[in-house]
Amino acid sequence: MVLVLDSTPSPATSPDAAPALPTLAGRGSEGLRAALADVGVPEKQLRMRVEQLWSWLYVRGITSFDQMTDVSKDLRGRLSAKYSLARPEIVSEQVSSDGTRKWLIRLPKRGHETAAPEIETVYIPESDRGTLCISSQVGCTLNCSFCHTGTQKLVRNLEAEEIVAQILIARDRIGDWPGAEAPDDGGMLPLAERKITNIVLMGMGEPLYNFENVRAAIEVAADGDGLAFSKRRITLSTSGVVPEIPRWGLEAGTMLAISLHAVTDKLRDELVPINKKYPIAELLEACRNYPGLSNARRITFEYVMLKGVNDSLADARALVRLLAGIPAKINLIPFNPWPGTRYECSEWEQIEKFADVVNRAGYASPVRTPRGRDILAACGQLKSESQKLRASQRSPNGGAQTDASDEGSDA
Ligand code: SAH
Ligand code: SF4
């Protein structure tokens, strides 16, 4: 079953509508404080009011100021005259037969932008947990040769609020707020009390190229009095922006995933061109020094399986040799083909043989199970594929897909 919900333009995006009020949804405490001061809350009360708002926004998930029952009608009125709690517009929502959900989200257009940018967010439920894969940029400035996102023209950093808003939207849509009802479309949700237990920064973009905004968003997501995601259940995936890795470890301290994909510099230069700047030895040195590593807190190494390119058993043996001494997990990702790509996914048999070598070296269950196959909810296909689909209505048989739900699992 695939449900596709295409929205009509919201008042915020239709051409002759009044400009939308700025939203507080997704803001950090400084942003909330500024808004409260702006509507006349006295300095002395600001801290208490920020705490109230924080809890309504991030514990209860309210979407209207009227729901704030412990705030006076007068203050609610002053807030709603100048601000909203709106989330960015959901352009479409697709639900896979396996319960995977994908949202195409339209962000408000900025002054210089000719079109409203769009991003994707994917939710992958399992029986005991749910993983949300969020985007950090519109498009990506890097050009990994096997990744569709890297071919997109429109690129900009997401604001911290826009990163947090992806979590709010997902929790709204799957009824993951206290007392909220689950959607009635038959999608499968985990039995856990919270439907989103893990967050992975594996959607569109290179998160370490948007360091400040991603860090600010993670601080909101990890705040124990709000959304309360444990940092051990948040994983940042990077193509290898080496100088930012120690800083991320110290300042944000989430789990880390590295898009390795090759065991020699020659091949990695081609697949992940940032390797020319920061070669494998430097990348692995940064990994070895990542703060807080232990057998219970390992770095995930992602390895996309490309037929005849990086999938030989000699590559598998070199991979385990390369990672010796680093507390590591290895995720083998079946390649998701996209129109015009020169790569193919490795044969399943070859992936299994490769996985055997990796398994024998002590790394468990390394192949990511395909998820969201029917809705193209895959790494490397995000956004551009949706645009194409909206233009020409989708066919039900999408390509092979992967998910990212193995991450951050050892909390
Ligand atoms: N820019 C970051 C995070 C986003 S990409 C990074 O590169 O790590 C998330 C993961 O999807 C990365 O491991 C990336 O290499 C992988 N990926 C990209 N395109 C893919 C494709 N077509 N098939 C399979 N995995 C892909
Ligand atoms: Fe960017 Fe990651 Fe795609 Fe490379 S794999 S182009 S870094 S999104």
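User: Where do Arg78 and Asp74 lie?
Analyst: Both belong to helix H3, which covers residues 73–82. Arg78 and Asp74 are four residues apart there, about one turn of the helix.

User: And why does Arg78 count as partly exposed?
Analyst: Because its relative accessibility is 32%, and partly exposed covers the range between the 20% limit for buried and the 50% limit for exposed. Asp74 is partly exposed as well, with a relative accessible area of 49%.

User: How many salt bridges does the structure hold?
Analyst: The structure has 24 of them. In general, side chains of opposite charge can pair when their charged atoms come close.

User: What does Arg110 pair with?
Analyst: Arg110 forms a salt bridge with Glu159, and the closest N and O atoms are 2.5 Å apart. Arg110 sits in the loop between E3 and E4, while Glu159 is in the loop between strand E7 (156–157) and helix H4 (160–174), so this pair ties together parts that are 49 residues apart in sequence.

User: Nice. Is Glu159 buried or partly exposed?
Analyst: Glu159 counts as partly exposed, at 30% relative accessibility. Arg110 is partly exposed too, at 29%.

User: Which side chain meets Lys231 in a salt bridge?
Analyst: That would be Glu219, at 3.2 Å from N to O. This pair links distant parts of the chain: Glu219 is in helix H5 (residues 211–222), and Lys231 is in the loop between H5 and strand E9 (234–238), twelve residues apart. Glu219 is partly exposed at 35% relative accessibility, and Lys231 is partly exposed with a relative accessible area of 25%.

User: Which residues do salt bridges with shared partners join into one network?
Analyst: Glu212, Arg215, Glu244, Arg247 and Glu251 are joined that way.

User: Okay, switching topic. How many helices and strands are there in the chain?
Analyst: The chain has eleven helices and twelve strands. It has 411 residues, and 55% of them count as buried.

User: What about E5 and E8, parallel or antiparallel?
Analyst: E5 and E8 pair in the parallel sense, over three bridges. The bridge partner of Thr131 in E8 is Asn198. E8 and E9 also pair in the parallel sense over three bridges, and Ile199 has Ile234 as its bridge partner in E9.

User: Which residues of E8 are buried on each side?
Analyst: Asn198 and Val200 are buried on one side of E8, and Ile199 and Leu201 on the other.

User: Let's look at ligand 2. Which residues surround it?
Analyst: Ligand 2 has Cys140, Leu142, Cys144, Cys147, Gly150, Gly205 and Ser239 around it. This shell divides into four nonpolar residues, three polar and no charged.

User: Last topic, confidence. What is the mean pLDDT of the chain?
Analyst: The mean is 87, and 85% of the residues reach 70 or more. Over residues 384–406, though, the pLDDT is below 50, and that stretch has 66 contacts in the model beyond near neighbours in sequence. Residues 6–15 stay under 50 too, with 14 contacts beyond four places in sequence.

User: What should I keep in mind where pLDDT is low?
Analyst: Where pLDDT is low, the predicted coordinates should not be read in detail.

Terms used: Residues are numbered from 1 along each chain as its sequence is written. Chains are lettered from A and ligands numbered from 1 in the order in which they are written. This is a predicted model: local features need pLDDT of at least 70, side-chain atom pairs count only at pLDDT 80 or more; totals for chains, interfaces and linings use all residues. Side-chain values use heavy atoms; hydrogens and water are left out. pLDDT is the predictor's confidence in each residue, from 0 to 100. Contact means heavy atoms within 4.5 Å. A residue is near a molecule or strand if one of its heavy atoms lies within 4 Å of it. Ala, Val, Leu, Ile, Met, Phe, Trp, Tyr, Cys and Pro count as nonpolar, Asp, Glu, Lys and Arg as charged, and the others, Gly among them, as polar. A salt bridge is a side-chain nitrogen of Lys or Arg within 4 Å of a carboxyl oxygen of Asp or Glu. Helices (H or I, at least four residues) and strands (E, at least two) are DSSP runs, numbered from the N terminus. Buried means under 20% relative accessible area, exposed over 50%, partly exposed in between (1.4 Å probe, protein chains only). Two strands pair if DSSP finds at least two bridges between them.
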